[in-house]
Amino acid sequence: MAASSNKVMTSPGLAVRVPRRMGEAVRRLLHFRGLLDMERAIVGEDSHILIPVKSPADNLPEGCNLVEAMLPVRSVRRPPSSPGVSFDVVGSIAVINRELDAETARRIGLMILEGHPNIKTVLVKTGPVSGEERVGEYRVVAGIPETETVHRESGCIFRLDLSKVFFNPRLSTERRRIAEQSRPGEVVVDMFAGVGPFSIVLAKMNKTARVYAAEKNGYAFRYLVENIRLNRLEDRVTAFFGDSSTVFEGLDIVADRVIMNLPHRSHEFLPAATHLARRGGVIHLYTVVRNNLDEKVRTACETVKSEGREVVAVSSRMVKEVSPSQAIARIDLWL
């Protein structure tokens with residue numbers, strides 16, 4: 001996520017709050033342990049600094065503690081002399097999320113390969129994420145001409161092909177957050193599972209959860225099944241191929257938690273989610289907002305009510321900015 005020249009973009013996540021006198025030593029320690037989050041900036045307070053981390057940090061020095069913090073996003077993976085370009089890393093693939101001319105893209109791609117030995121392929125975005133299955137368009141600009149890779153996150157393994165499926169590495173903190181909220185023995189329905197990141201991270205972290213994951217993209221479904229196998233979760237994660245509005249019909253599934261990560265269209269499927277969730281259950285609805293979050297919350301509550309259910313509690317939070325005027329939000333609906 002690159003910063004706008006007019007507005008500093010921020011992203012939520014974990015951070016270690018450190019006394020200023022210990023800042024550099026702790027930063028080096030976190031970097032050595034592979035925990036330092038290079039996509040968010042370190043921020044100073046009066047007597048402390050906040051150092052962003054990718055996952056929970058254990059055995060911290062005395063005086064340091066783990067907190068949640070909204071920190072500025074920085075273009076940290078920026079090659080020298082590049083024209084303000086940042087990139088995501090998915091497995092062994094770097095993805096430049098902006099359109100560039102062929103010569104510039106090739107030059108920057110070679111710089112990335114030179115500076116990051118773990119990266120074998122560099123892709124550049126050639127068009128927006130589009131279509132019902134939200135698949136991006138990319139071209140290879142440097143390295144091995146391959147779009148399939150193996151990505152690791154939160155102790156899980158994900159095989160995927162970026163030319164055929166949607167995957168966002170920037171949601172790793174959000175996926176952990178949902179997994180940490182789940183309770184022992186929960187039944188969870190993931191209505192738009194993709195290659196399985198929400199389902200598999202939750203099942204790995206919650207050893208007694210039972211997860212039902214639906215996906216209608218044939219390529220993503222095949223990777224979902226493979227990733228369930230790779231993570232040895234066949235006994236607790238079941239994959240369903242088909243449209244999530246109908247694929248669970250006739251099945252005796254009553255969910256404690258329903259995950260709806262299809263931000264551009266999730267509201268269309270809320271009636272189906274309402275009938276999947278038990279009384280006392282929660283629906284996590286992800287949606288695109290443009291300064292209209294309150295309106296989205298009202299619409300979601302009205303939809304649930306129209307299906308004969310009652311929303312007993314509701315909350316919302318911003319998950320990430322996608323542009324200075326647009327963000328992804330999560331609306332939590334307790335029934």
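Two strands count as paired here if DSSP finds at least two bridges between them, and strands themselves are DSSP runs of E with at least two residues, while helices are runs of H or I with at least four, both numbered from the N terminus. This is a predicted model, in which local features need pLDDT of at least 70, side-chain atom pairs count only at pLDDT 80 or more, and totals for chains, interfaces and linings use all residues. Residues are numbered from 1 along each chain as its sequence is written, and side-chain values use heavy atoms, with hydrogens and water left out.

## The open sheet

Let's start with the seven-strand sheet. Its 7 strands follow the order β13-β12-β11-β14-β15-β17-β16, the sheet is open, and the pairing is mixed. At the edges sit β13 (237-241) and β16 (313-323), each of which pairs on one side only. Going from neighbour to neighbour, the strands are turned by 15 degrees against each other on average, direction ignored. (Axes are lines fitted to C-alpha atoms, for helices over the stretch in contact, and angles run from 0 to 180 degrees between N-to-C directions.)

Inside this sheet, β15 (residues 277-289) and β17 (residues 326-334) run antiparallel and are joined by 8 bridges. One of the residues involved is Val282, whose bridge partner in β17 is Trp334. Helix α7 (residues 293-306) packs on the sheet and touches β15, β16 and β17, with a direction at about 35 degrees to that of β17. Contact, by the way, means heavy atoms within 4.5 Å. Another helix, α5 (residues 218-230), lies across β12 (210-215) and β13, running at about 165 degrees to β13.

## A hairpin

Now for another pair of strands. Strands β9 (residues 148-153) and β10 (residues 156-161) run antiparallel, with 6 bridges between them. Glu148 has Asp161 as its bridge partner in β10. The hairpin has 2 residues between the strands, and Ser154 takes a positive phi near 50 degrees there.

Helix α3 (residues 172-181) is mostly covered, with 8 of its 10 residues buried. Buried means under 20% relative accessible area, exposed means over 50%, and partly exposed is in between (1.4 Å probe, protein chains only). Among the buried residues of α3 are Arg175, Arg176 and Arg177. Helix α4 (residues 197-205) is mostly covered too, with 7 of its 9 residues buried, including Phe198 and Leu202.

Elsewhere, Lys164 has its charged end over the ring of Tyr219, 5.4 Å from the centre. To count, NZ of Lys or CZ of Arg must be within 6 Å of the ring centre and within 35 degrees of the ring normal.

## Aromatic pairs

The whole structure holds 6 aromatic pairs. Rings of Phe, Tyr and Trp (its six-membered ring) pair if their centres lie within 6.5 Å; planes under 30 degrees apart are stacked, over 60 edge-to-face, and the rest tilted. Two of the pairs look like this:

| Pair | Centre distance | Plane angle | Type |
|---|---|---|---|
| Phe158 and Phe167 | 6.2 Å | 45 degrees | tilted |
| Phe240 and Phe248 | 5.2 Å | 65 degrees | edge-to-face |

Phe158 and Phe167 are both buried. Phe240 is buried as well, at 17% relative accessible area, and Phe248 is buried at 5%.

## Two buried polar residues

Arg40 is in the loop between α1 (23-32) and β2 (43-44). Arg40 counts as buried because its relative accessibility is 3%. Its side chain makes a polar contact of 2.9 Å with the side chain of Asp37. A polar contact is a pair of N or O atoms within 3.5 Å; within protein, one must be able to donate a hydrogen and the other to accept it, and residues adjacent in sequence count only if both atoms are side-chain atoms. A polar atom of the Arg40 side chain also lies 3.3 Å from the backbone oxygen of Ala69. Leaving out residues up to four places away in sequence, Arg40 touches Pro12, Val53 and Leu71, among others.

Thr121 belongs to strand β7 (residues 121-130). With a relative accessible area of 2%, Thr121 is buried. A polar atom of its side chain lies 2.7 Å from the backbone oxygen of Ile144. Beyond four places in sequence, the residues that Thr121 touches include Ser92, Leu113, Val140 and Ile144.
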